[in-house]
Amino acid sequence: MRRILIDTDTASDDAVALLMALRERTVKVEAITVVAGNCQIEQCVKNALICIEKAGTYTPPLYSGMASPLLRKHYMSHHIHGLDGMGDMGLPDSHLAKEPMHAIDAIIYFADKLQGELEIVTLGPLTNLAMALLKEPHIVDKIKHVYIMGGSGLTSGNITPLAEFNFFVDAEAADIVIKSGLSLTVVGWEIGMGEAFINKADIDRLNRLSELGRFVVRCNKSLMEFNAGRTDQVGFDLPDPTTMAVALYPELIQESITRYSWVEYKSQASYGHYVIDSSSLTGKEPNARIILKIRSGLFKEKLFKLLSDSSDVNGETSDDF
């Protein structure tokens with residue numbers, strides 16, 4: 001069985017990714033670490049604990065981490081995911097609690113404990129992982145692989161014309177991780193806007209599918225409203241679940257390239273831009289596999305399967321949402 005650690009800044013699309021991982025029986029989520037990103041760290045922790053309960057499977061330990069980027073002021077996405085990161089659902093606190101250990105030390109602990117078996121899926125800014133690497137560089141050799149949701153190196157960004165949110169929040173941390181020597185797969189924001197975009201028909205299916213399906217739709221309400229204001233698409237994009245699906249199901253990958261890349265942090269105008277040497281002009285050795293395309297229809301097939309048969313999780317009804 002594969003063993004993974006999830007690092008998240010839990011908002012509505014992170015929530016879907018957490019549910020997917022916790023309900024996939026071929027992997028074990030060893031731990032969840034939380035970083036400030038979409039919301040303040042306390043809200044991200046609350047949201048992650050709620051997702052563990054909603055999954056209705058098992059309870060991995062959860063660790064709170066960095067409350068701000070390495071060097072910059074914290075930029076949040078309340079305008080995209082709502083003030084609570086979950087479509088302003090007003091969810092009550094979870095009955096679960098975080099562990100006392102800091103997320104940085106938890107990453108180091110599980111890397112040492114699992115000795116080459118640990119895979120990490122990052123869904124938010126890379127501050128926690130960068131700090132762990134700075135504190136204990138030896139863990140590079142003990143982590144099997146890292147799947148990163150970040151960047152939009154071959155398309156425009158979603159926060160600035162050049163930058164995607166996760167890399168923009170802490171470009172210094174992102175550059176540290178990209179250049180660390182870790183075995184990396186990077187799934188850009190644009191992948192979630194393609195085959196993984198949840199359209200009106202998908203929303204109807206989720207609402208019919210299960211209580212968990214309805215929860216997924218409801219928590220992405222603010223994201224749907226944000227998308228309606230900037231595109232003609234009805235629905236919501238799922239970059240974090242797309243990254244999780246790539247990690248869980250390698251057969252999902254249809255096209256990728258392996259190239260040298262870095263994250264720009266010195267220029268204010270292009271801060272957070274994920275630069276991919278797609279034409280191999282630098283002559284430097286590749287440091288990341290970048291996903292270009294996923295198989296049509298397979299992501300949604302996996303998503304609907306994982307969210308099915310989940311009615312009455314914790315005894316709630318759709319009226320509670």
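These legends walk through several close-up views of a predicted model. Residues are numbered from 1 along each chain as its sequence is written, and side-chain values use heavy atoms, with hydrogens and water left out. Because this is a predicted model, local features need pLDDT of at least 70 and side-chain atom pairs count only at pLDDT 80 or more, while totals for chains, interfaces and linings use all residues.

View 1. Helices and strands are DSSP runs numbered from the N terminus: helices are H or I with at least four residues, strands are E with at least two. Two strands pair if DSSP finds at least two bridges between them.

**View 2. Strand 5 and its neighbours.** Strand 5 is mostly covered, with six of its seven residues buried; buried means under 20% relative accessible area, exposed over 50%, and partly exposed in between (1.4 Å probe, protein chains only). Strand 4 and strand 5 run parallel and are joined by five bridges, and Thr 122 stands opposite Ile 148 in strand 5. Between strand 4 and strand 5 the chain passes through helix 5 (residues 127-135) in a right-handed β-α-β crossover: with the strands pointing away from the viewer, the path from the first strand over the helix to the second runs clockwise. Strand 5 and strand 6 also run parallel, with four bridges, and Tyr 147 has Thr 185 in strand 6 as its bridge partner.

**View 3. Strand 6 beside strand 10.** Strand 6 (residues 184-187) and strand 10 (residues 288-294) pair in the parallel sense over two bridges. Look for Val 186, whose bridge partner in strand 10 is Ile 290.

**View 4. Helix 1 against helix 12.** Helix 1 (residues 12-23) and helix 12 (residues 239-248) pack at about 25 degrees, with their axes 7 Å apart. Axes are lines fitted to C-alpha atoms, for helices over the stretch in contact, and angles run from 0 to 180 degrees between N-to-C directions. The two helices, helix 1 and helix 12, are therefore roughly parallel, a label for angles under 35 degrees. Among the residues that meet are Val 16 and Met 20 in helix 1 and Met 244 and Leu 248 in helix 12; contact means heavy atoms within 4.5 Å.

**View 5. Helix 10 under cover.** Seven of the nine residues of helix 10 (residues 211-219) are buried, among them Phe 215, Val 216 and Val 217. The cover over these buried residues includes helix 1, helix 2 (41-55) and helix 13 (298-307).

**View 6. Two loop residues with positive phi.** Most residues other than glycine have a negative phi. Gln 115 is not a glycine, yet has a positive phi of about 45 degrees, and is found in the loop between helix 4 and strand 4. Ser 280 has a positive phi too, near 55 degrees, and sits in the loop between strand 9 (274-276) and strand 10. At 47% relative accessibility, Ser 280 counts as partly exposed.

Conventions: Parallel < 35°, antiparallel > 145°, perpendicular 65-115°, else oblique.
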